Amino acid sequence: MSSYGNMNIPSFTHGMDREDEEEMNIYANVDPINSFGVRTETENSKRHQTPQHTEIACVKIRSSRAAAVCLVLLCVLLLTAVIVLGVYIHTKSTNYTEEGAQLLTKNTNLTEERGQLLTNITNLTEERDQLLKLLTKNTNLTEERGQLLTNITNLTEERDQLLKLLTKNTNLTEERGQLLTNITNLTEERDQLLKLLTKNTNLTEERGQLLTNITNLTEERDQLLKLLTKNTNLTEERGQLLTNITNLTEERGQLLTNITNLTEERDQLLTKTIQLTKERDVLSLNKCDLIKQRDQLKQEKNEQSKSLCEKVGWTCYESIYYYVSSEVKNWTESRRYCTDRGADLIIINNKAEQDFVKRISGGAAVWIGLTDSDVEGTWKWVDGSRLTSGFWDPREPNGDRRENCVLNYSPGWADYPCDDTHYWICMGILK
Ligand SMILES: [Ca+2]
Ligand SMILES: [Ca+2]
């Protein structure tokens with residue numbers, strides 16, 4: 001409702017002062033106006049009701065009229081405001097069009113100026129490029145000028161030198177004249193020498209050919225000589241071979257006769273071998289029989305000798321018999337006792353026999369058949385064989401010429417005086 005107040009309509013506000021309360025009611029009942037028609041029917045239906053009701057209806061009609069008047073006034077005000085605005089806008093738009101035209105003209109002028117400026121810029125850039133090119137050319141020209149100056153100085157120096165050379169050249173031309181005369185003389189001499197040289201070269205070539213011919217001929221000669229020597233050797237060899245052939249043919253004849261003889265002999269030998277093999281088989285059979293008979297006889301003999309040994313008081317072991325004395329004699333008598341019975345003092349050849357002697361003697365000291373009576377220090381057995389290694393007591397032998405006969409006792413062998421009396425052992429072999 002304040003928007004209406006801002007429209008500056010004083011006449012309207014003055015007219016309204018009188019009826020403030022009514023106006024308020026009117027504004028309060030603006031909305032229900034629409035329902036006015038509806039209510040009329042109800043009012044008409046109730047028109048003939050009480051007097052209080054008729055007064056209320058009058059008030060409502062007045063207020064509705066006042067509202068209608070207000071609306072009309074408002075419409076008028078709005079129209080005037082619209083007209084004023086239209087006039088204002090029109091004047092403004094005319095001003096804008098004029099200003100737009102002025103701006104367009106300005107714009108066209110500015111575009112023209114910009115075009116001129118652009119052309120000026122292009123011209124200036126072209127001029128600048130040309131100036132830059134000129135600058136580069138200028139620098140090149142200054143460099144070239146420097147080089148030319150140096151060239152000029154060099155050329156002046158060369159000119160001075162050439163002048164000096166020219167003076168020399170005049171002297172040289174004179175010398176050249178003299179030299180030319182010398183050269184002509186020398187060429188003549190050279191031509192003569194060349195002729196001589198050509199002759200000389202021909203001679204050297206001929207000499208070379210002759211030398212090669214000579215070397216070839218000497219080689220051929222050497223080869224021929226070799227062939228000749230070979231030939232003589234071959235003839236000699238042929239003679240020897242012929243003699244050999246004759247010898248060989250003779251030998252072949254002899255060999256053939258030998259072969260025939262040998263074949264005959266072989267045949268005879270074969271027949272003989274056949275006979276001999278038959279005889280051998282017979283003999284082998286006989287041998288087997290004989291071996292059997294011999295073994296039987298041996299066995300019988302051993303048994304007989306064993307029984308004989310046992311009867312006499314000797315000890316028999318296979319084909320050997322022993323006797324350990326029960327009395328004492330010196331070495332010579334002891335040996336004699338043995339030899340009288342077909343035996344001799346015992347010979348000990350190895351450790352087994354040594355152990356056997358120790359066992360049968362029962363550790364007693366007994367003479368054995370070892371002595372150095374013939375040559376001092378040279379020990380011999382009773383069968384004449386020399387002692388190679390023995391079973392000496394570590395302290396023995398130590399008797400030199402005083403002790404020449406050997407005793408066996410528990411520590412081993414010892415040399416004793418042969419005249420001492422001890423037990424002894426005889427040994428014999430059954431035959
Ligand atoms: Ca001795
Ligand atoms: Ca001794």
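Two strands pair if DSSP finds at least two bridges between them. Helices (H or I, at least four residues) and strands (E, at least two) are DSSP runs, numbered from the N terminus. The model is predicted: local features need pLDDT of at least 70, side-chain atom pairs count only at pLDDT 80 or more, and totals for chains, interfaces and linings use all residues. Residues are numbered from 1 along each chain as its sequence is written, while chains are lettered from A and ligands numbered from 1 in the order in which they are written.

**View 1. Overview of the chain.** The chain has 7 helices and 8 strands. Of its 431 residues, 8% are buried. A residue is buried if 20 or more other C-beta atoms lie within 10 Å of its own, exposed if 12 or fewer, and partly exposed in between, with C-beta atoms placed from the backbone. Two residues are in contact if their C-beta atoms, placed from the backbone, lie within 7 Å. Among contacts with a separation of 6 or more, 59% join residues 24 or more positions apart.

**View 2. Strand β8 and its partners.** Strand β8 spans residues 423-429. Buried residues make up 5 of its 7, so β8 is largely enclosed by the rest of the structure. Strand β2 (residues 320-324) runs antiparallel to β8, joined by 5 bridges. Y321 has G428 of β8 as its bridge partner, and Y323 has C426. Strand β3 (residues 344-345) is also antiparallel to β8, with 2 bridges. There, D344 is partnered by M427. The pairing of β4 with β8 is parallel, over 2 bridges. V366 has Y423 of β8 as its bridge partner.

**View 3. The largest nonpolar core.** A nonpolar core is a set of buried Ala, Val, Leu, Ile, Met, Phe, Trp, Tyr and Cys residues joined through C-beta atoms within 7 Å. The largest one holds 20 residues. Those with the most contacts inside it are L345, I346, W367, I368, I425 and C426. Two or more residues each come from α6 (331-339), β4 (366-371), β6 (405-409), β7 (412-416) and β8 (423-429). In soluble globular proteins, nonpolar side chains tend to be buried together.

**View 4. Around C426.** Which residues does C426 contact, leaving aside its neighbours within four places in sequence? They are Y322, Y323, Y337, C338, R341, A343, D344, L345 and I346.

View 5. Y321 and Y323 point to one face of β2 and are buried. Strand β1 pairs with β2 in the antiparallel sense, over 3 bridges. Y317 stands opposite I320 in β2. C316 lies in β1 (residues 315-317). C316 counts as partly exposed because it has 18 C-beta neighbours inside 10 Å. K306 is 10 residues from C316 in sequence, and their C-alpha atoms are 5.9 Å apart.

View 6. P397 lies in the loop between β5 (380-381) and β6. The peptide bond from E396 to P397 is cis, with omega near -10 degrees. D400 is found in the loop between β5 and β6. Its phi is positive, near 50 degrees, in a residue other than glycine. Most residues other than glycine have a negative phi, and most peptide bonds are trans. D400 has 11 C-beta neighbours inside 10 Å, so D400 counts as exposed.
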